[in-house]
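Trainee: Could you take me through this structure step by step? I have not seen it before.

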Amino acid sequence: MNNITYIATEKLLPNPHQPRHQFKSEEMLSLANSIKENGILQPLLIRRMNNSDYCEIIAGERRLRGAILAGVQKVPCIEVECDSEKSAVISILENVQREDLSFFEEAAAIGQLTTVFGMSQQDVAKYLGKSQSALSNKLRLLKLPVDVRYFIEKEGLTERHARALLQIESEKDIWRVLNVIKERSLNVAQTEAYINSLYSKPKKPKRETKAIYKDLRIFVNTVNRAIKTMQESGIDAISDKTETDEYIEFRVKIPKIGQAEPKLKLLDAKHA
């Protein structure tokens, strides 16, 4: 087991790959008060910088900030031997597993592991105890523009709000929706319904469909009456109607005068 050594706070440098960018004042003051009362319960994890007096923090920057606020001069540390790349990976993994990391910070950290350090999503998912689908959903959040992400965090919107915005292609439309969310204080369900109303295809009014069907019946009845009129006049007109989902087809056969004589009713002899 590595020994715990106490190192002066001014000799500790933050990890450049630290995924956490937000340190809330209220939480840091609470941590500082806790350190004043109980000390630092968990040592910081550090690595020596080129055999110098300075050390890089692998894990524990939040505790260091709390200690400085509490006026502590030296903090307990455990020194490990590793290169900068391994230090970065450990720092990111340690921070991602903490619940108080924002969802955008978590997404950016996972993105670093896969793009900068070449870890597969499968390996990252295994280390973090997450499914690959959950990991993919996190990474999709990085498709949102940086200023949009900042606005979402500033307004205290949720990860589900952010995911709902992913279906909007235009950045201009994203800001339009964000302003509506802010003005109307929309929850997630209301936000999703609003976005769907903007991008769903409008349905044709039912009365228009009824009018079309009514017109079709008029046309069909007109054809049927014409055929019936010919038949009543003694013309052997034959009709055959075929109807599908796409069309109505009429086939009408009308014999030529030379090939068939009209069937005329015989007049009563006394009227001849």
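The conversation below goes through the model topic by topic.

Trainee: What should I know before reading any values?
Mentor: This is a predicted model, in which local features need pLDDT of at least 70 and side-chain atom pairs count only at pLDDT 80 or more, while totals for chains, interfaces and linings use all residues. Residues are numbered from 1 along each chain as its sequence is written, and side-chain values use heavy atoms, with hydrogens and water left out.

Trainee: And what is the average pLDDT of the protein chain?
Mentor: The average is 81, and 85% of the residues score at least 70. Here pLDDT is the predictor's confidence in each residue, from 0 to 100.

Trainee: Where does pLDDT stay under 50?
Mentor: That happens over residues 260-272, for which the model has six contacts beyond four places in sequence. A contact means heavy atoms within 4.5 Å.

Trainee: How many helices and strands does the protein chain have?
Mentor: There are eleven helices and seven strands. Both are DSSP runs numbered from the N terminus: helices are H or I with at least four residues, and strands are E with at least two.

Trainee: What is the strand order in the open sheet?
Mentor: The five strands run in the order β1-β5-β3-β4-β2, with mixed pairing. Its edge strands, β1 (4-8) and β2 (12-13), each pair on one side only. Two strands pair if DSSP finds at least two bridges between them.

Trainee: Which pairs are parallel, then?
Mentor: Among them are β3 (residues 44-48) with β5 (residues 74-79), over three bridges, and β2 with β4, over two bridges. L13 stands opposite E56 in β4.

Trainee: In what sense do β3 and β4 pair?
Mentor: They pair in the antiparallel sense, over four bridges, and I46 has I57 of β4 as its bridge partner. β3 and β4 form a hairpin with six residues between them, and N50 in the turn has a positive phi of about 50°.

Trainee: Is β4 mostly covered or exposed?
Mentor: β4 is mostly covered, as five of its five residues are buried. Buried means under 20% relative accessible area, exposed means over 50%, and partly exposed is in between, using a 1.4 Å probe and protein chains only.

Trainee: Which strands does helix α2 lie across?
Mentor: Helix α2 (residues 61-69) lies across β2, β3, β4 (55-59) and β5, and runs at about 115° to β4. Helix α3 (residues 84-96) also packs on the sheet, where it touches β3 and β4, and its direction makes about 40° with that of β4. For these angles, axes are lines fitted to C-alpha atoms, for helices over the stretch in contact, and the angles run from 0 to 180 degrees between N-to-C directions.

Trainee: Turning to M28, where is it found?
Mentor: M28 belongs to helix α1 (residues 25-38). M28 counts as buried because its relative accessible area is 6%. Leaving aside neighbours within four places in sequence, M28 is in contact with F23, R62, R65, G66 and L69. M28 and R65 are 37 residues apart in sequence, and their C-alpha atoms are 7.5 Å apart.

Trainee: Which residues touch the most other members of the largest nonpolar core?
Mentor: Of its 22 residues, those are L144, I152, L165 and L178. The elements giving two or more residues to this core are α4 (103-115), α7 (146-154), α8 (159-165), α9 (171-184) and α10 (188-199). The largest share, five residues, comes from α9. A nonpolar core is a set of buried Ala, Val, Leu, Ile, Met, Phe, Trp, Tyr and Cys residues joined through side-chain atoms within 4.5 Å.

Trainee: Last topic: where does S185 lie?
Mentor: S185 lies in the loop between α9 and α10. S185 has a positive phi of about 55° although it is not a glycine. S185 counts as exposed because its relative accessible area is 60%.
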